[in-house]
Amino acid sequence: MSPLYRAAIQAARTAAPLLAVGDSKLARGLAGRRHAHDLLAAWGDTGRDPARPVAWFHAPSVGEALQAGAVIGALAARRPGIQVAFTHFSPSAEGIGPRIGANVAAYLPWDSSFAVGRALGGLRPDVLAFTKTEVWPVLADEAIRRGVRVSIVAASVPTGAGRLRWPARALLRTTWQQLSLACACSDEDAAGLVALGVPESVVYVTGDPGVDAAAARAGQADRVAPSLAPFHADARPTVVAGSTWPRDEAVLLPALEQVRGSVPDVRVIIAAHEPTAPRVRDLLARFSAAGWRSRPLADVVSTGSAKGVDAVVVERVGVLSQLYTVADVTYVGGGFGRHGLHSVLEPAAAGVSVVVGPRHGRSAAAAALAAVGGARVVSDAHELARALGDWLTDSDARVRAGKRAFTYIDGHRGAAARTAALLDPLIGSHPSG
C-alpha cells in the first residue's frame, strides 16, 4: 500500500482525539474507531468458538448494513454454526449489528497495520466481505496475508463513480485485483468492477440483496404495533416522507401545502435522514407555523392515537420501513440534494408508489420503478404536489402503481441466497454445527 496513504491514515489517527469532541457524526465516528480493534479482538479472544467459522462483514452505513444482513441470514441458513463480526463506518449504523445477526459489532478500526492486524488476530475470520462500495486497502492486504479470502457483496459501481477516476482508481487497483469474489448487483456494476481491476473470473451478477432485506422487513410489519396501530385506527390519506434532507423539505413542504388544497384531510409522516433533536424541533415548528397540527411520533405512540394530528415527525431510527406500510404514497429523500437518493426498495416492498427528486441517477432501482410505473420523478414543488395529489385522489391509479412497485420487488428476490452460495466455498471446511 502507498506510503502516502499510510501516512494520511496515521495523521488522521493522531488528530482524532482533538476532533472527537461533542456529539457530531464526525466526533462519534472518531471516538468509536478509537478502541474498535480492541473490542473486536476481545470478542475473538473470549467469545469466539474456534470450532466454528467466522465471517467478517463490513458496511459503510445503514443501507449497506441491511444488504449485508440479508446475506448474513442466507449464509447462516447454509451454515447454521457460523459466527459473524460486523463493522460499519457511519454512526448511523450504531446498534444495527444485533438486528442483522452479528455476534460482535463495532466501528471499522483505523486502516493501519496495527489496528486491523489486532482485529484480524483476534477474530481469525475465514472470509472478509465488504459491502457495496468500500474496500479498505490495508485491511484487505493484512487479511490476505493471513490467508483470509476477501470479497465484496452487493457491489455497485455506477457510471461516474469516484472510484473509477484517479487517484482512487490507481490507489485501490491492487486491492481490487486481489479479491477472491465480487458479487455485483447488475451487469453495469459487474463491468465497473472489471474496470477497477477485479479479475473477470471472480465477478458474478447476483442481484441486490437489499431487495430481500426490504421484502423481509415489509413482511414483518405488525398492524397492531404501537407505532402503526394509531394510523390504522385513524385512516386518512397519508404521505410518508422518508430519509429527507433540508433540500428535500424545501420542496416537499410547499408541495404538501398545495396538496392540502385538493386533499384537505391529508396526513404526512416525515422522517429526516438524521432525526436529531434540533431537526425534529425545526420540522415540528415549520408544520405548526403553516397551520398543521404537528406532533412527534413519540406522542402518537404514548397516547395510542393519531386523531387530530396532521403532521407526524419521526424522532427515532429503525421504524421507517414499518411506517411505509401505512402510506398511500411515499416520498423518498435525497433526490434534491448532493447526498444521493435513499432506498426506494422499502416503500416498494410495502406495495406503495414512490416519488423521488431529479438526482436519482445512481439508483438503478428508482429508474427501474419509474420505468414500470411504480415511481415518478419530479423536478420542483409543483410537480411533486401534482404527483402526490394524482395518486391521493385516484385510488385506481394509486393501487396500480403500488402493485407495479411490489412486482418489481417480487421479481428481484433471491440475491442474498445467490450471494451466500458463492461465499460459502470461501469459508473452507469448518463443521456446520
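Biologist: Why is Arg-316 called partly exposed?

Modeller: Arg-316 has a relative accessible area of 32%, and since buried means under 20% and exposed over 50%, with partly exposed in between (1.4 Å probe, protein chains only), the value of 32% makes Arg-316 partly exposed. This is a predicted model, in which local features need pLDDT of at least 70 and side-chain atom pairs count only at pLDDT 80 or more, while totals for chains, interfaces and linings use all residues. Residues are numbered from 1 along each chain as its sequence is written, and side-chain values use heavy atoms, with hydrogens and water left out.

Biologist: What makes the contact of Arg-316 with Glu-315 a salt bridge?

Modeller: A salt bridge is a side-chain nitrogen of Lys or Arg within 4 Å of a carboxyl oxygen of Asp or Glu, and these two side chains meet at 3.2 Å, N to O.

Biologist: What makes Arg-413 and Asp-410 a salt bridge?

Modeller: Their closest N and O atoms are 3.4 Å apart, and Arg-413 therefore forms a salt bridge with Asp-410. Arg-413 is partly exposed at 38%, and Asp-410 is partly exposed at 44%.
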